[in-house]
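I opened this notebook to keep track of what I looked up, one topic at a time. Each entry says where I looked and what I found there.

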Amino acid sequence: MGFISRFFAGSGPRAASNRTSSQSQSQSVANLQMKVERLETANQKYRERLAERIELNNKLKGIVDTQKSEINAMRINSRKDLTLERIDTFFTGTKLRLPEEAYQRFIAKCEDNATPDKVENFRAEMEKSQHRAFYEQLFSVEMDMAQGFDFTGLRPIVTFQRGETDIAYAASKGMSLDELKANHIQITIERFDQIIKKNFINPKRVNAVCEIGAAWGAATRYMLNRYKPQDYHVYEIDTGWAQWLKDNLGVDSKQCDGESLSETEDESMDICVASSCLYFMPFVKQWNYLTEFARVLKPGGVAVFNVNLIENTSVRTLKGLLANYFPRRSFGYIPQHCVDTAFPEEQFEKLVKDPSKGFGYQVYRKR
Ligand SMILES: C[S@@+](CC[C@H](N)C(=O)[O-])C[C@H]1O[C@@H](n2cnc3c(N)ncnc32)[C@H](O)[C@@H]1O
């Protein structure tokens, strides 16, 4: 018997004296008891339904959590897809090429070690995929350096091979590339005016310029305007930009292997330029490009480039790199020693004495 029914079953003040009233009271008590029982049953059912709902809710929460992690996984995968999609542009427009000598040495090692049929199969397999696996590894640092994070949209951004995206973006906004990149173009004009002194090279002798990593062509425009060269070789791994530079600035976009000036003759260039691009690649490639500059420059020609020097990395800089470049951990630093070996003193004159005062730009003239 529940608490309420016990309360009503107790004797009231008039229970003993009035029989009729006692009967009707018993009736009311019985009715109330029934109501109470019905309520208790309903309450029990309600509790059971509530327990079912809670269980269902927990199940749904589990499903939502799983879906959330699936969406996150898809986001990460789509980042990968985006990168791979951009790698496809290696094979369109101004195509890239493999570093010839290193590739041939690699194949020779395969031939020395594996049976001829195995090597043949391997070569056929690589050719079928246009050596994609090699390209992915060759440009892994450049790809890594171009990963960022959009803290508003909370998603990764991939700027590797972004030429086509930037060109399409400018078109969608009805802007020219000059307008879109006005800031970079202006900064380059101001810096180069300050760095490249008139006495570094006589403008009249400048017939040929070679540039790497020209992208949207801020430095290219500067060189074209100031020196009006007849030949302009560009080596750019972003095939979208390479094609755009060819179509819009009239330069000769060369097939690029990301580390050499394979289509440029020895001692054929008056100026070699690398503006804000060397530090996007591993140091050996930076070093090779610099030695290539040394090779292709005519006597009296100048190399203009900026690099991040290891010698300039104070503890503060190192801490800053660790703190600010999460999760990216590749940094395109190079030792001054590499620059010195590319431009040995007996063959090159160092024209900028303290590069740290010239936005990191160094200039060497071939003797
Ligand atoms: C910041 S942009 C250069 C900006 C441009 N030079 C200017 O005047 O404003 C860097 C460029 O270097 C290119 N790059 C990165 N690694 C390269 C490599 N190994 N060989 C050639 N170009 C490379 C990138 O594709 C990108 O277009």
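**Entry on the ligand shell.** I began with the surroundings of the ligand in this predicted model, and I noted that helices α9 (182-195) and α10 (218-227) each supply at least two residues of the shell. The shell counts 22 residues, of which G213, A215, A218, A219 and C277 come nearest to the ligand. When I sorted the shell by class, I wrote down 12 nonpolar, six polar and four charged residues.

**Entry on the sheet.** Next I followed the open sheet of seven strands, whose order is β5-β4-β3-β6-β7-β11-β10 and whose pairing is mixed. Its edge strands are β5 (252-253) and β10, each of which pairs on one side only. I reminded myself that strands of a sheet pair through backbone hydrogen bonds, either parallel or antiparallel.

**Entry on strand β3.** Is β3 enclosed or open to the outside? I found that five of the five residues of β3 (residues 208-212) are buried, so this strand is largely enclosed by the rest of the structure. In a regular strand the side chains alternate between the two faces of the sheet.

**Entry on strand β11.** I then turned to β11 (residues 361-366), where five of the six residues are buried. Strand β11 pairs in the antiparallel sense with β7 (residues 297-306) over five bridges, and here F305 has Q362 as its bridge partner. With β10 (residues 348-350), strand β11 also pairs in the antiparallel sense, over three bridges; K350 has Y364 as its bridge partner, while F348 stands opposite K366.

**Entry on the nonpolar core.** Which residues of the largest nonpolar core touch the most other members? Of its 59 residues, I listed V209, I271, C272, V273, A303 and V304.

**Entry on backbone angles.** Most residues other than glycine have a negative phi, and most peptide bonds are trans. With this in mind I noted H131, which is not a glycine but has a positive phi of about 60°; H131 is found in the loop between α4 (116-128) and α5 (132-138). S276 is not a glycine either and has a positive phi of about 50°, and S276 is found in the loop between β6 (269-274) and α12 (283-296). S276 has 19 other C-beta atoms within 10 Å and is partly exposed, because a residue counts as buried only from 20 or more. I also recorded that the peptide bond from F326 to P327 is cis, with omega near 0°, and that P327 lies in the loop between α13 (315-324) and β9 (333-334).

I finished with R47, which is found in helix α2 (residues 19-88) and is exposed, with 10 other C-beta atoms within 10 Å. From R47 to D65 I counted 18 residues in sequence and 27 Å in space, C-alpha to C-alpha. The domain assignment gives domain 1 (1-91) and domain 2 (164-366), and 70 Å separate their centres, taken over C-alpha atoms.

Key
Residues numbered from 1 in each chain as written. Predicted model: local features only at pLDDT ≥ 70, side-chain atom pairs only at ≥ 80, totals over all residues. Buried ≥ 20, exposed ≤ 12 C-beta atoms within 10 Å, placed from the backbone. Helix = DSSP H or I, 4+ residues; strand = E, 2+ residues; numbered from the N terminus. Pairing = 2+ DSSP bridges. Domains from an automatic or database assignment. Core = buried A, V, L, I, M, F, W, Y, C linked by C-beta atoms within 7 Å. Near = placed C-beta within 6 Å. Nonpolar A, V, L, I, M, F, W, Y, C, P; charged D, E, K, R; others polar.
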